[in-house]
Amino acid sequence: MDEYFALFPFTRAASEYVKSSGISVEDLLTGGGFSTEVLTRSSQRVKQALEGEIGRVDLSEDIKVTAELFSYPVARVMVSCINVHFLTQKYANGEAQFAFQKLESLSEDKALTFISRLLADFDIEATLFEDENRYKFHFTDFVRFTSGLRDSRWKLVNVMNRGYIELAKKEVMKILQQAIRLKVLNAPQLKPSNKVCNSLSSDIKSIVATLDSSMSKSGDFGAIDADSYPPCIRELISLVQSGKSLSHTARFALTAFLANIGMSADDIVHFYENSPDFDFEFTRYQVEHIMGSSGTKYTSPGCSTMETYGNCYLKDKMCKYVSHPLSYYRKRSARRKASTKSNGNYTDIMV
Amino acid sequence: MQKRNSIMNSDTKLFLQNKFREYYKNVRVDLPPKFSKREWAIVLFDDAYPRFIMRRHKAFSSFADIANYLETLTPAHVYHSTAYYKYPSASKMISKEWEAADLIFDLDADQIIKGDVSSYSHMLNAVKDETKKLLMFLTEDFALNEDNIRVVFSGGRGYHVHVREERLTKLGSHERREVINYVSGSGLEAEYIIYPKKISEYSESPTLWETRITKWIERYFKSLLEMQESDAIGQLTSIKDVGSKKAKEIFENLEEIIGNLDGSSGAPRLIKSRLTTESFWKGVVRRAIFELKVNVDEPVTADTKRLIRLASSLHGGSGFCVAPISWEQFDDFDPLYDAVVFSDEMTPVRVLSKTTTEIKNERILADEKTVELPEHTAIYLMARGFAEYEPQRSKSHKK
C-alpha cells in the first residue's frame, strides 16, 4: 500500500482507498487480529491528541501500514460517538500537528512529493519555484486556510503581491496543517449508529476518562464555580444554550465575564456552539480578541452598562450589594466556599 | 436639516409609479449573471410606501419573466442577492443552499465623508474618487480582470462594485474580511516597511502597499520642503509622538532626510537615525496608510448573502437610475447627468420645504409653493419626500 495513505489518512485519496478496499468500520469491530491492532491504535490516536501529541508508530511491515490507515476513520468515529466539541477540536489539532511533524521528518524529495499531493488533495493551486524551496499561492487559496490565523505574516495586507503570495516550504506546511485541522474538525459529520458506538464502548470509556482528566487539568477550568454566576450571566448562558442568538453587547459581556474568571478560550467557545449562527473559527477569533490577543484585555461590563443595554436580568438580593457581575461572582463564590466545599466539577458548565 | 415627508399622497405615488412603468417598458434591464440562481426582492409603491415593506424570496427563470414582473408590478426598489443559491426562492435562508456569491463593495458617502460637505455633487465626487482607489487596488494588487468587475452608481449616495471572478465567488465571510483588511490597510505591519528584510523569506520584491507607502512618504517630505516653516511644523506635529520641538528639528533637516530616503533607484528606504527613529517612522507609515486606504462598508463586503440593487433599475428614493458604468466611461461619469432618465418636460409639484437641486446642470431653487419643474427634478423631489404631485394646478396652468 502507498505509504502516503497511512501518513495522511484524512485525505480524499486515502478515504477513496479505504472505500475501495471494501472494509468498513463495522467489519473492523467484529474482525480478528487486524482489527485489534486498528482499535488499539485508534483510541491511542485520540488519547494522545488529548494529552499532547500523537506519537509515531512503526510502519516497517505492510500490515502495520494498513492498520495505521484504518485507525484514522475508526478514531474519527470514536470522536463522533462522544460528540464533545472540546474533544473534536483537540483531536483535530492533534492530527494536524502530527501530520506536520511527519512532513518535517521526511526526506527532502519525499516531502516535496507529498506536499504536492496534499496540495492537490485540498484543491490548492500552487506553483513550486525552480529552487524547490518556495511556492506561489493565489490569494484565494491562501485566505481559505489563513483567515483564522492572527499573526501578521498571514495577513494579505503584509504579504500579497499582485494577487499572489510567495511562501517558503515551511509556511506551506503550516498552511497544510491548518487545512488538515479544518478537514478533521469538519469531517462530513459522521453520524455513527448507536450500534457502532456501543460496540466501541470500552474504547470510548477509556477515552472519556482521559477527556475528564484532561479537562480538569486544562487551565483554571476546575476552579470555575458555576453556581456563583450572577443571574444575568446565568440568563445569557441559558439563552445561548437554548439556541438564541445574542446581541453583540450580550455576547461581549458573557465572553468577557467568563474570560475574566479564568475560563480558557476553547471552553468559552463551547458555550456558543448552540447559537444559530455559530461559526467555530469566527467565535474563537472573537473570544481571543476579547481575551486580549490584540493587546487589550477587556473587563466585563459593570451592572450599569449591563442595564443600559438590556442585559441585566433577574436581579436578586445580592445584586443590591454589588455594582459589577464580577464582584457578585467573587462574593458569592467566597461565601459558598465558606459554607460548603465547592465542587468545581466541569459538568456544571457542560450542560 | 430639510423637512422630509414621511408619508406620500396617492397622486404622487401613482404619478411616480406610472413614470417608473414607462421606464421599465422601454428599457431592457441589465441582468446579473446566473440570475435564475439568485433571490430577488422588491419594494412596491403600496399603501405603506414610503415605509419599506420588502417582498423577498422571488426567483425567476427567464429574462421575459423578470421584465414582465417589473413592468406589471412596477416596484419602487429592486434588489437581487449577491449569492447564488440552489433554491433561491426557499423562504428560509438555510434551505436556499448557498453555492457562491459575488464579492461586492459598497462605497457610500456615510463611510467616506467626515464632516460637512457643500453639495450633493461634491459628495458624489468624493465617493467617486474613493471608488477609483478601490478599482486600482482590485486590478493592480489583486490582479483581477477588469472584465469581471462591474461598477454601478447606487442611485443614491455612492457606488457599488460587483466582482464576479469565478474563484472569488466561493470565499466565505472571514476570507472576504481579509480582502477588506487589505484595501483598508488594516493589520499592515509598519515594521515590515521599516525593516523590509523581515519578510524577505516570503518575497524578494516589495509589495504594492510597501511601494505606495514609501513613495507617499517621499512625496510628503518633499511637499514639506515647499511649505512655510509654521505650516510644515503644523503638518509634522499631527504625526503621532511628534512635538513641536522635534517637528522643528525635522524641518531643519528635511533635505538630509529626503536624501536618505532616495527613491531614485526604486523604492525609497526608511533609514533610522537620531531624528527619524523607529517610532517616528511608524507614525509616518500610519499616516500614509490613512491617506492611501479605501473606506468601504465592511459588513456589506463580508456578508455573503446580501441583497443589492439591480443595475439599470430605478432607485425609488431618488428616481435616478442605478446606472451601470463601463470602465471607459467611469472617469467622465456624472451621476447628476448620466443617471438621469426622466425628461425635462415641465411637471407641476407642490414643494414641501425649501430645496436646491442641480440636475443636468440646471440649478433650481424651489420655494415652499406650487411650481412647475423639469420632470427629472420633480421626480427627484417627490421620490425624496420633498414635494407632492399637484395635477389640478397643471390643468389651470396649461390654459
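## Confidence of the prediction

The predictor assigns the complex an ipTM of 0.89, together with a pTM of 0.80. For chain B the average pLDDT is 90, and 94% of its residues score at least 70. An exception is the stretch 393–399 of chain B, where the pLDDT is below 50 and where the model shows 5 contacts beyond near neighbours in sequence. Where pLDDT is low, the predicted coordinates should not be read in detail.

## Overall build of the two chains

Chain A contains 19 helices and 3 strands, and its C-alpha atoms fill a box of roughly 70 × 55 × 30 Å along the principal axes. Of the 351 residues in chain A, 38% are buried. Among the contacts in chain A with a separation of 6 or more, 74% are between residues 24 or more positions apart.

Chain B is divided into three parts: domain 1 covers 28–182 + 297–338, domain 2 covers 188–292, and domain 3 covers 346–398. Between the C-alpha centres of domain 1 and domain 2 of chain B there is a distance of 38 Å.

## An open sheet in chain B

In chain B, 4 strands come together as an open sheet with antiparallel pairing, and their order across the sheet is 2-1-3-9. Strand 2 (54–58) and strand 9 (307–309) of chain B form the edges; each has a single partner strand, so one side of each is left without a neighbour in the sheet. From one strand to the next, the twist averages 30 degrees.

Within this sheet, strand 1 (residues 40–43) and strand 3 (residues 77–81) of chain B are paired in the antiparallel sense over 4 bridges. A reader tracing this pairing in the structure can look for B:Trp40, which stands opposite B:His80 of strand 3.

## Helix 12 of chain B

Helix 12 of chain B runs over residues 278–292 and has 15 residues; the distance from its first C-alpha to its last is 21 Å, close to the 21 Å expected at 1.5 Å a residue. Its buried residues are B:Phe280, B:Trp281, B:Val284, B:Val285, B:Ala288 and B:Ile289. An α-helix has 3.6 residues a turn, so residues three or four places apart point the same way. The cover over the buried residues of helix 12 includes helix 7 (190–194) and helix 8 (208–225) of chain B.

## Backbone details in chain B

Most residues other than glycine have a negative phi, and most peptide bonds are trans. Against that background, the bond joining B:Tyr49 and B:Pro50 is a cis peptide bond, with omega at about 10 degrees. B:Pro50 belongs to the loop between strand 1 and strand 2 of chain B.

B:Glu97, although not a glycine, has a positive phi of about 60 degrees, and this residue is located in the loop between helix 3 (93–96) and strand 5 (98–101) of chain B. B:Glu97 counts as exposed, since 12 other C-beta atoms lie within 10 Å. B:Asn361 is likewise not a glycine and has a positive phi of about 60 degrees; the loop that holds B:Asn361 runs between strand 12 (355–359) and strand 13 (362–366) of chain B. With 9 other C-beta atoms within 10 Å, B:Asn361 is exposed.

Notes: Residues are numbered from 1 along each chain as its sequence is written. Chains are lettered from A and ligands numbered from 1 in the order in which they are written. This is a predicted model: local features need pLDDT of at least 70, side-chain atom pairs count only at pLDDT 80 or more; totals for chains, interfaces and linings use all residues. pLDDT is the predictor's confidence in each residue, from 0 to 100. Two residues are in contact if their C-beta atoms, placed from the backbone, lie within 7 Å. Two strands pair if DSSP finds at least two bridges between them. Helices (H or I, at least four residues) and strands (E, at least two) are DSSP runs, numbered from the N terminus. Axes are lines fitted to C-alpha atoms, for helices over the stretch in contact, and angles run from 0 to 180 degrees between N-to-C directions. Domain bounds come from an automatic or database domain assignment. A residue is buried if 20 or more other C-beta atoms lie within 10 Å of its own, exposed if 12 or fewer, and partly exposed in between; C-beta atoms are placed from the backbone. The expected span of a helix is 1.5 Å times one less than its number of residues.
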